[in-house]
Amino acid sequence: MNKPSDEMTAQKPPRARVSDVIDPDDVPAVRERDYLDGFLNQEPAEEPIGGAGGDLQTAVVDALKEIFDPEIPVNIYDLGLIYGVEVDDEADATITMTLTTPHCPVAESMPGEVELRAASVPGIRDAEVNLVWDPPWSPDNMSDEARLELGML
């Protein structure tokens, strides 16, 4: 085998050097750690207080799920007595609910208990319960979990 001539061997390219690109007089001697300043000083984005699916609305629904009908071993939310839970931007909760019948034994106490339970959720400023009779409650309002509990599935 013959040794290749100098003309045929590839020459290595010169190494790149920072000094070839940056003037050393423009580089500060010590770099300040400023790259996190914007991140660390940034305020968290303000999330809306109220609205559907918000944390406060979910907390109110969870609190209402702890209230059980005294005659039926199912919570009032899964029983379908709660028609709506709204939390506005000022952290006021409005609960629209009904009862199984107007002559329900807890007709006088249940709305007050719902109001107290909703108002006790941390972050809620005030709670109001609107008791409605239209549309009337029916077993169709119950969740599948409630129907299973009552043996209706």
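Predicted model: local features only at pLDDT ≥ 70, side-chain atom pairs only at ≥ 80, totals over all residues.

Colleague: OK. How many salt bridges by this rule?

Modeller: Four. One of them pairs the side chains of Arg117 and Glu66, at 3.3 Å from N to O. That pair links distant parts of the chain, 51 residues apart: Arg117 is in helix α4, and Glu66 is in the loop between α3 (55-64) and β1. Helices (H or I, at least four residues) and strands (E, at least two) are DSSP runs, numbered from the N terminus.

Colleague: Which residues are linked with Arg117 in a network of salt bridges?

Modeller: Glu66 and Glu113.

Colleague: And is Glu66 buried or exposed?

Modeller: Exposed, at 52% relative accessibility. Arg117 counts as partly exposed, at 25%. The cut-offs: buried is under 20% relative accessible area, exposed is over 50%, and partly exposed is in between (1.4 Å probe, protein chains only).

Colleague: What does Glu90 form a salt bridge with?

Modeller: Arg125, with the closest N and O atoms 3.3 Å apart. Glu90 sits in the loop between β1 and β2, and Arg125 in the loop between α4 and β3, 35 residues apart. Both Glu90 and Arg125 are exposed.

Colleague: Which residue forms a salt bridge with Arg125 at 2.5 Å?

Modeller: Asp92; the 2.5 Å is between the closest N and O atoms. Asp92 lies in strand β2 and Arg125 in the loop between α4 and β3, so this pair ties together parts that are 33 residues apart in sequence. Asp92 counts as buried, at 16% relative accessibility. Arg125 is at 54%, which counts as exposed.

Colleague: Switching to the strands. How do β1 and β2 run?

Modeller: Antiparallel, joined by five bridges. Two strands pair if DSSP finds at least two bridges between them. Ile82, for one, has Met97 in β2 as its bridge partner. The two strands form a hairpin with four residues between them.

Colleague: What stands out about phi at Ala91?

Modeller: Phi is positive there, about 65 degrees, although Ala91 is not a glycine. Most residues other than glycine have a negative phi. Ala91 is in the turn of the hairpin. Ala91 is also buried, with a relative accessible area of 6%.

Colleague: Where is the cis peptide bond?

Modeller: Between Asp134 and Pro135, with omega about 5 degrees. Most peptide bonds are trans. Pro135 is in the loop between β3 (126-131) and α5 (144-149).

Colleague: Last one, Thr98. Where is Thr98 found?

Modeller: In the loop between β2 (92-97) and α4 (110-119). Thr98 is buried, with a relative accessible area of 0%.

Colleague: What does the side chain of Thr98 reach?

Modeller: The backbone oxygen of Val132, at 2.8 Å. Leaving out residues up to four places away in sequence, Thr98 touches Leu81, Tyr83, Leu131, Val132, Trp133 and Trp137. Contact means heavy atoms within 4.5 Å.

Key
Residues numbered from 1 in each chain as written. Heavy atoms only, no water. Polar contact = N/O pair within 3.5 Å; in protein donor to acceptor, adjacent residues only side chain to side chain.
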